[in-house]
Amino acid sequence: MAIQWFPGHMNKAKKQVADRLKGIDVVIEMLDARLPASSANPMLAGMTSKKKALKILNKQDLADPTRTRVWIDYYNGLNDTRAIGLDAGDKSPAQRLISACREIAPHRSGLDKPLRVLICGIPNVGKSTLINSLLGRRAAKVGNEPGITKGEQRIDLADDFILYDTPGMLWPKILVEQGGYNLAASGAVGRNALDEEEVALELLKYLIVNYPADVEARYKLDGVAEMLDDQLLEAIGRRRGAMLGGGRVNFQKTAEIVLTDFRDGTIGRITLETPEEWKDWLTEARRLDAERQSARDLAKAERAAAVKKRRG
């Protein structure tokens with residue numbers, strides 16, 4: 001399944017970000033700590049490659065703490081990049097955010113040289129909640145549906161610290177298939193762009209290998225590590241009473257249960273990727289994409305040759 005979702009307002013958001021970047025010192029990208037690479041916008045990376053960057057791994061309280069540490073170390077090892085983790089409900093993140101930005105852009109301070117910061121992130125990553133906590137009031141709309149924030153707003157966090165907020169933004173082509181599934185599992189992708197049963201199966205496939213004990217504890221099952229993903233989905237449906245007539249499992253309802261449990265953190269503290277896994281997925285995705293492009297180019301050349309031959 002190819003998960004793609006790029007509504008019109010996101011194309012507008014891209015243009016807003018491009019315009020604002022001209023006067024920005026630091027770009028903050030909010031990432032989902034459960035899927036740091038999948039939730040990183042490659043389109044944004046291309047637009048901000050010459051800017052200093054702060055990566056915020058949000059919702060770290062829902063993520064695997066060991067893997068979060070690995071990801072923070074990974075990002076801190078990149079040039080002109082700093083990374084910190086935040087809990088989903090952190091009530092006082094302002095000082096940590098300001099300190100991290102000043103650390104990577106120490107030349108910007110004082111009223112004559114205010115630090116100008118742009119904050120970006122995919123839909124539903126918790127950016128609006130963070131903005132509200134920074135201001136101590138509900139300045140940004142908050143909800144559990146992606147794509148709520150539609151316009152830019154300016155926030156003065158200090159006399160010499162200006163933060164520009166932008167709408168959540170995905171990108172037109174999700175190259176890494178597993179990244180698309182991870183985004184869908186997290187709730188970043190609109191429901192009309194995905195098959196929830198298929199997403200739940202992909203999620204369970206990963207949990208069977210990496211977090212079988214958490215799944216067993218949540219659903220009171222045994223032998224999860226030996227199950228296939230469809231067997232596990234059926235077992236969860238029976239255990240949770242998601243049934244149709246004739247003793248059949250309601251797989252759609254069961255998928256919704258699994259996805260909700262993952263998003264709420266009730267299965268456990270889970271991270272769906274490591275830097276090494278992402279590197280392998282990206283390498284394979286690029287290889288397959290190159291093969292598909294070569295096949296398209298060949299087919300195009302053959303069609304052109306056939307037309308030329310018919311015309312004599």
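**View 1. Helices H7 and H9 cross in this predicted model.** The axes of helix H7 (residues 196-210) and helix H9 (residues 229-240) come within 8 Å and cross at roughly 105°. Axes here are lines fitted to C-alpha atoms, for helices over the stretch in contact, with angles from 0 to 180 degrees between N-to-C directions. H7 and H9 are therefore roughly perpendicular (65 to 115 degrees) to each other. Helices are DSSP runs of H or I with at least four residues, strands are E runs of at least two, and both are numbered from the N terminus. The model is predicted, so to speak of local features takes pLDDT of at least 70 and side-chain atom pairs need 80 or more, while totals for chains, interfaces and linings use all residues. Residues count from 1 along each chain as its sequence is written, and side-chain values use heavy atoms, leaving out hydrogens and water.

**View 2. Who touches whom between H7 and H9.** From H7, Glu197, Ala200, Leu201, Leu204, Lys205 and Ile208 meet Asp229, Asp230, Leu232, Leu233 and Ile236 of H9; contact means heavy atoms within 4.5 Å. That set splits into seven nonpolar, no polar and four charged residues (nonpolar: Ala, Val, Leu, Ile, Met, Phe, Trp, Tyr, Cys, Pro; charged: Asp, Glu, Lys, Arg; polar: the others, Gly among them).

**View 3. The open six-stranded sheet.** Its order is S3-S2-S1-S4-S6-S5, with mixed pairing (a pair takes at least two DSSP bridges). S3 (81-85) and S5 (153-158) each have a single partner strand, so one side of each lacks a neighbour in the sheet. Twist averages 25° from one strand to the next.

Technical notes
Parallel < 35°, antiparallel > 145°, perpendicular 65-115°, else oblique.
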